[in-house]
Amino acid sequence: MTPSGQLLPLTRPPPPPTAPPVLSSRRSRCLPPARAHARGSPPPLWRAHRLHDRFLHPTPQFRAPARAPRPPTPPGVSAAGGGEAQAAAVAEFVTSERVKVAAMLGLALALCNADRVVMSVAIVPLSQAYGWTPSFAGVVQSSFLWGYLMSPIIGGALVDYYGGKRVMAYGVALWSLATFLSPWAAGRSIWLFLFTRVLLGIAEGVALPSMNNMVLRWFPHTERSSAVGIAMAGFQLGNTIGLLLSPIIMSRTGIFGPFVIFGLFGFLWVLVWIPAISGTPGEHAQISAYELEYITKDQKLVKPQIGSAKTKKVPPFSKLLSKWPTWALISANAMHSWGYFVILSWMPVYFKTIYHVNLRDAAWFSALPWVMMAVLGYVAGLVSDMLIRNGTNITLTRKIMQSIGFLGPGIALLGLNAAKSPIIASAWLTVAVGLKSFGHSGFLVNLQEIAPQYAGVLHGMSNTAGTFAAILGTVGAGFFVDRMGSFRGFLILTSLLYFSSALFWDIFATGERVDFDGTG
């Protein structure tokens with residue numbers, strides 16, 4: 001046999017009868033059998049030259065640009081049948097364990113927001129029952145943010161240390177306890193009641209970092225936007241549940257009925273979450289080998305090692321803050337929170353003061369946009385994942401999604417400012433809030449991409465900035481209206497902030513992993 005790397009001679013002895021074929025499994029361009037040379041005779045000279053030239057001048061292989069990995073064909077389905085394989089892939093996704101994780105995260109975030117906004121409905125009857133002044137009612141409303149301001153960074157560090165499953169379980173149990181005890185606390189002392197609201201804020205500060213951690217561990221990068229879309233759809237539907245169901249429950253059970261019911265649902269969620277969900281796919285007892293391979297084939301998941309030197313290391317805050325992509329995330333979260341809390345807090349009052357709509361109708365006008373945000377948030381996740389699977393650069397995808405999430409609301413708020421009727425205004429508000437959800441496939445997913453090992457801390461840092469912006473925007477809107485006598489100027493200011501934040505994001509954001517440890 002010719003040694004490896006040696007050129008083939010022009011002629012060669014006939015191969016032994018048991019020798020394997022010289023050519024590879026590639027289809028041979030042989031002559032018809034009637035004209036083919038005998039097996040035992042040497043190959044024709046022209047064919048030997050062709051073999052010789054093939055080794056001397058190998059044909060260069062064209063390599064297509066790298067694309068994001070596509071989901072493997074589910075077991076039992078032929079890869080050739082495109083439609084059948086696509087249907088099987090969709091069925092596998094819907095029934096997979098990772099979708100159950102996303103659904104449970106969505107339920108947790110729905111409870112998170114429902115427990116938060118129930119005070120917006122209860123504040124009027126509570127003020128009447130306890131004789132609170134409007135200014136003190138504002139203090140009660142803001143007490144949630146006092147706790148929420150303290151916990152995101154600490155909660156993010158705990159998520160990076162212990163993992164999202166454990167921290168989310170403790171967080172839901174704690175905020176459900178605070179909600180459940182609110183009626184008892186209000187009957188004992190106003191300070192005790194304020195403490196339960198602060199405790200609610202502290203516990204809910206771990207919700208979004210825990211969600212991000214679970215999505216990072218349970219979903220490949222081509223499905224993370226969809227997973228975040230499912231989870232955040234629950235977050236937005238929590239607004240609708242809290243705003244619309246709380247008055248109905250109060251009319252049948254009293255002022256504190258929603259606090260008790262929502263608290264009990266939180267305890268029930270924890271009882272399901274602990275045995276049904278695992279921290280990583282590899283720890284799940286019922287996950288299929290196919291799904292486990294699909295999730296982990298393009299990522300290296302490391303189970304938190306409690307007590308190890310690596311996990312005990314303090315996050316490098318100075319290095320995190322020294323990179324422009326970090327400031328792009330902080331700026332995006334701050335602008336997102338500014339617009340979110342201004343709309344959530346002031347739009348019912350806006351409809352009442354500008355269009356003289358009664359408060360009940362104003363609540364309905366203000367609730368509709370959150371439903372649209374839940375729907376479009378999931379659609380945005382699907383579009384984002386589709387772009388990445390089709391080869392679009394991750395950085396470009398995140399910039400497209402976030403640009404829509406900022407430019408869309410900025411333009412829509414200008415339309416809201418010019419609306420002449422409450423119906424037209426509600427339509428513009430729905431567009432603004434709906435397009436705002438595209439940011440969930442921008443900055444919210446980007447946290448996992450630039451620093452997966454510090455995603456929880458980064459989320460906490462940006463969330464703290466977002467809470468400051470929420471307080472500033474919510475309080476600033478009230479002062480602006482007192483001084484200027486109208487919301488219209490404040491809406492123009494918010495639009496300009498949206499446009500400038502979109503520009504800052506498009507310049508400094510990236511979808512690539514950033515070296516925060518100084519190892520590269």
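Residues are numbered from 1 along each chain as its sequence is written, and side-chain values use heavy atoms, with hydrogens and water left out. In this predicted model, local features need pLDDT of at least 70 and side-chain atom pairs count only at pLDDT 80 or more, while totals for chains, interfaces and linings use all residues.

Two packed helices are described by the angle between their axes and the distance between the axes. Helix 15 covers residues 394-418 and helix 19 covers residues 488-508; their axes come within 9 Å and cross at roughly 165 degrees. Helices here are DSSP runs (H or I, at least four residues), numbered from the N terminus. An axis is a line fitted to C-alpha atoms, for helices over the stretch in contact, and angles run from 0 to 180 degrees between N-to-C directions. Helix 15 and helix 19 are therefore roughly antiparallel to each other, a term for angles over 145 degrees. The crossing of helix 15 with helix 19 is left-handed, meaning that the near helix is turned anticlockwise from the far one by less than a right angle. By class, their contact has 14 nonpolar, eight polar and four charged residues. Here Ala, Val, Leu, Ile, Met, Phe, Trp, Tyr, Cys and Pro count as nonpolar, Asp, Glu, Lys and Arg as charged, and the others, Gly among them, as polar.

Each of these two helices holds a residue to look at. Pro409 lies in helix 15 and, at 1% relative accessibility, counts as buried (under 20% relative accessible area, with a 1.4 Å probe and protein chains only). Its C-alpha atom is 8.9 Å from that of Trp428, 19 residues away along the chain. Phe499 lies in helix 19 and is partly exposed at 27% relative accessible area, that is, between buried and exposed (over 50%).

The largest nonpolar core has 108 residues, of which Leu105, Met211, Trp269 and Trp273 touch the most other members. Such a core is a set of buried Ala, Val, Leu, Ile, Met, Phe, Trp, Tyr and Cys residues joined through side-chain atoms within 4.5 Å. Helix 3 (residues 97-130) gives the most to this core, with 16 residues. Domain 1 (95-303) and domain 2 (315-519) both give residues to the core, so it lies between them; the domain bounds come from an automatic or database assignment.

Trp338, in helix 13 (residues 324-355), is buried at 10% relative accessible area.

Key:
Parallel < 35°, antiparallel > 145°, perpendicular 65-115°, else oblique.
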